[in-house]
Amino acid sequence: MSKIPKKPENTRWNDGQWQAIYEQGNNILVSASAGSGKTSVLVERTIQKVLNDEEEASVDELLILTFTENAAKEMKQRLRDKLKEAYYKDPTNKHLRKQLSKLGTAQISTFHSFCNAVIKKYFYIIDAEANFKIADDVELTLIQDEVLESLFDDLYEEENDAFLRLVKRFTSETNDQALKKVVLDLYTKARTAPFKDTWFDSITAFYDVNETLDSWGLFKYVKEEMIELIQEAKYNFKKAKEIAELDEYTDAYKDVYEDDVHLATTIEDKVNTSFNELVTFFNNGGLSYEKLNYPRGKDKELINKHLKEIINKYRKEGKDLLGKIKNQFCAFKEQTHIKFLHHNKEILTDLIGLVKQFETRLDQAKKDRNLLDFADLEELTLEILYTENGDNEATRYYRDRFKEIMIDEYQDTNKMQETIISIISNRNVFMVGDVKQSIYSFRNAEPSIFQDKFMTYQDESNENGTLINLNMNYRSRGTVLEYINAIYSQLMDLQVGEAKYDDLAKLNCGATDYPLVSHPTIELSILEKNSINDELDEDDLEQVEIEAHYIARKIKALVNEGVEVYDRKLEKMRPIRYRDIVILSRSYSSQEAFDEIFREYDLPFLSSDLKGYFDSIEVMTVISLLKVIDNPLQDIPLVAILRSPMFNIDERELASIRALAKRDYFYDNITEYIKSGDNKELVEKLRTFKIKLNEWREFIKNEPISELLFDVYQSTNYYDFVTGLYGGKQRQANLDLLYDRARQFEDITSNSLYKFIHLIDVIRDQNKDLSVARTVSENEDFIQYMSIHKSKGLEFPVVFIANLGKGYNYRDEAGDYLIDKDFGVALKYFDLERRVKYDTLYQLLLKNKKRNSLLSEELRLLYVALTRAKEQLYLVGSVKDIEKTTDKWLSVSTSNELLMPLSERKDLNYLDLIGKTMVRRGDFRAKVANSDLDLPESPIRLNFPGTIKFISNLSTDYEKQMEQKETIQNNDVYFDMFEQAFRFNYEHDQKTTHFAKQSITDIKKRKNSATYAYELQKNTIYRKPNFMEQENKSAVDRGTAIHLFMQHLPFKENMNLSYLEEIKLKLIEKEFLLKEQVELVDLDKVFHFTKTKEYMEICQAKKVMRELPFTTLAPAHEVYKDWKEDDTKILIQGVMDLVVEFDDKVYLIDYKSNKVKDLKQELPEIKNEYTLQMDYYVAALKDLYPTKKVEAYLYLIEANQFVSM
């Protein structure tokens, strides 16, 4: 251990933080729980490294990696503030001054930004380009789709055998999208491995098997899965027995318990001996059970029905677990499973070959466009840094440059990133994170990397690194932390959660500044859906809608009652504001329901990242129209458009169209109705629709999609219409975003409407929905709604966690294939002759592995949600029947261990997990109404703060408040107000139509034009004939080339043509000018300029300034002839070609490349054209040089003449 300075008594840092700031000499892992001040520690450690006299490290000798760009910016700003503070105390310290100047270029960034810098510096090592761009998700999706389409077309055409086998295996009769998805999924997963080819080889080897399954490398894991199922079954049988013993009329299960356990043990023995024997055992009826002999006759009425249901439930779960072994794992004999493995290895080999072909083409497509994606950044960085001997130019540079590598949010690191860090590090990595907050597996985060180091560094005798634990929480009230500890000490361990929740992990309260409060700070509310629907007289409100109503009323009560929260800036309690409140949910699927219901309660609502862009009604409507323009024979989008405000055809009219002529396609029905329909108004609507549709279909043949959208928005008035809807500004922003995406699409590929629509479908299928355009500031007083993922790193005084009863999303376990970074690719076996698919042992293994990973990540996700709360925490969940739900929870109360049994922690929603932990709360049973369960209580009792509420009806207080609202009697008052508002005349109207800043070019145009319209609208521009455009272009190009050449012309005596030729070649070599541009420069004209007396005089000047920008102010009436308001100043800006300073005067020279036929005749017109421009130049120079004479000249290059102005 390194020498750590003694901690002063008055320091703000606790012991763990102090060690984390000063520990040296090895790799350091800081396990920093939520709210423990890890960012402050990271900043302070950096500062101390810079200030330490012994080290005196420079900020550019530290590599600091953060998870997000915002975190990197915040880190830099904190460091800047700290360095400034230190510098102000010691302004003579040159080292500190240097650090402030270096901070802007210090490597404090995300991992991808660091990789970007590596590639730009050492691109030549791998023969790459340095001037690449980063592709966004939509752009990348489009390119991938095009490459796949092209690849598949070529393989179909050449009738490639391997490809056709894959087509038969994965595609349907109608399309090959399924195979494309497999290719993309496997390609994406392979890129998370440090070395793709090695990974491909290893996952193929997973299929290697000889004569028996015991020779298959993964079979031991399959057996472990079966043993775990057996152990869970035994646990369920044991629970059934314990409950059966509570009542003499339900103890019938005791008689068969031993038989059930013996059966499970027999299966376990066969799992460990012979797979074929196990299959035979099941096939011979080995899985059979004795019936339960409950009392009959008059004693039947004495049976406790609740106890009986629970006994049956536990026994059924045990039987189902053993049945899973029979029906899934042992559905086929050993040799059949071996056949499956051999067959699927061939399929996987073909699939990997296809992925490699796709990768080759995709890499070329990105190279042609000069694009990289984020995965490319990591791959190319590894390619630059990795060598077999571990040493090359780039590796040496980074090892020597960085005295320490600091990684924030280390629990979210992946293997690729870990490999890169290991190459450039030298036992000098400082890692900060919390494995309990690892929630980004969908971004390939691997918490096992953190956990492996945690377990290794825990051993103080290890030489690999030092472990420092930070579990003092400075964010939340002690009651919030007690609540979290009580829950997680029962739920989390290495099996579920992938982290121990022991004394090192428990949260300790460090926030001592909170005043005492009387109101409860934690509340668990369990809503009974059926009863509440009856109370609200609703047909069938969804659970999320019920919760939204409940939470809205709760928030109303908090605000109206003036509940207070502590403001650390003010250092006192203050009334709660809407912005203090956040509603967290596992996903954004509920945001629309909350938005609509909160409107009913007049509650300001803001979603932090609205993901339902393509589900917003205005975007859906326009996309439906695009589909109809592309192909009118699509009934659903066609009817949607007709029903929309664009054409206003209602349901009755649509029904009458269908009833008149029952054609196959609705479009044909429209045509028929126009001919013979009896509703003239409807006929006219349909005729208008068809005319407009035909116009659009012709329009898109020659015009870009963005222009089509613009025409749709304007000609249908739909863009203006959405403004009048609720959230109109937001809706217009969404339509603008669709237009922008169309423009982006046009820049990347051909103007194909079909491809654009297909791209949108692909984006939706891949769950890459765009964020809804942001239209409000997050600093406004809104209740925030966000996903738990989005909330990570944030904190709020009041947190509501909704949708607790919603089940986890385990769709990743479904499908024909499963992909895992460690266990490879598991495929179903597909019998081509019968067209039947079968589960394989490999797939069952990965399915269970993914289920376990899901349970762990969801438990960590809940932890993140709970730890966002500073003061008040409200947990809200819904159930159909409270009594049945609580009975299920109470049945676990007999456990004598603090950590609940594994089987009880495999629930697939948060509410059941939390509810089961609540059973050990002292007053839980008293809270449960109408339960006649008399289960023995566990000796373990936990101190849960807060309250539990079982809600079967919502309070009617809000309705009473609404009834008491004053009814508006006289609407005329409001009409007068509206009329005044619409007739308002702004007294400074000219300032809205005249620009506050003008360039010299703008002013010249205005002066030389007969009229000038101050319009912001787009004017129609008619294209000139080609020969005129070419002539004009040549003149402009020539003028530009001459100005660029003159800008680089040196002022030296004895200039000659050969030297000018050398200048020309250097300008081409240094890429200041293109060869084509230089050819437009007449060097004879330039040479003539160098022989003028003015040029000779400039050679002796004190200072020569080229392309000098300037700004000045001028009265508005001088700039605008029609100006009638007050004498406002207008900002004038321009660039002077050449300014030459002498001791007593200043030359202003402006180069002009005008063609001059007769100088004497044309000179007055030339001077008049440029007088205004030169006057502004001269005025600006007189302000700059008040004591010197300013002489202004035009130099007419074509005439070889200086003209005094």
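**Reading strands, helices and confidence**

Biologist: On the two faces of strand 16, which residues are buried?

Modeller: In a regular strand, side chains alternate between the two faces of the sheet. Here Ile 783, Tyr 785 and Ser 787 lie on one side of strand 16, Gln 784 and Met 786 on the other, and all are buried. Buried means under 20% relative accessible area, exposed over 50%, and partly exposed in between (1.4 Å probe, protein chains only). Helices (H or I, at least four residues) and strands (E, at least two) are DSSP runs, numbered from the N terminus.

A word on the source: this is a predicted model, where local features need pLDDT of at least 70 and side-chain atom pairs pLDDT 80 or more, while totals for chains, interfaces and linings use all residues. Residues are numbered from 1 along each chain as its sequence is written, and side-chain values use heavy atoms, leaving out hydrogens and water.

Biologist: Which strand pairs with strand 16, and in what sense?

Modeller: Two strands pair if DSSP finds at least two bridges between them. Strand 14 (residues 581-585) runs parallel to strand 16, with four bridges, and Leu 584 stands opposite Met 786.

Biologist: Now helix 4: which of its residues are buried?

Modeller: To see sides on a helix, take the arc of the directions from its axis to the C-beta atoms. In helix 4 (residues 94-102), His 95, Leu 96 and Gln 99 are buried. They share one side of the helix because they cover an arc of only 95 degrees. The opposite face carries the exposed Lys 94 and Ser 101. The buried residues pack against helix 2 (38-51) and helix 3 (69-89).

Biologist: Is Gly 35 buried or exposed?

Modeller: Gly 35 sits in the loop between strand 1 (27-32) and helix 2. Gly 35 counts as buried because its relative accessibility is 17%. Contact means heavy atoms within 4.5 Å. Beyond its neighbours within four places in sequence, Gly 35 contacts Met 472, Asn 473, Tyr 474 and Arg 475. Gly 37 is in that loop too, but at 25% relative accessibility Gly 37 counts as partly exposed.

Biologist: Where does pLDDT stay under 50?

Modeller: pLDDT is the predictor's confidence in each residue, from 0 to 100. Where it is low, the predicted coordinates should not be read in detail. The chain averages 85, and 90% of the residues score at least 70. Residues 960-969 stay under 50, with three contacts beyond four places in sequence. Residues 1010-1033 also stay under 50, with ten such contacts.
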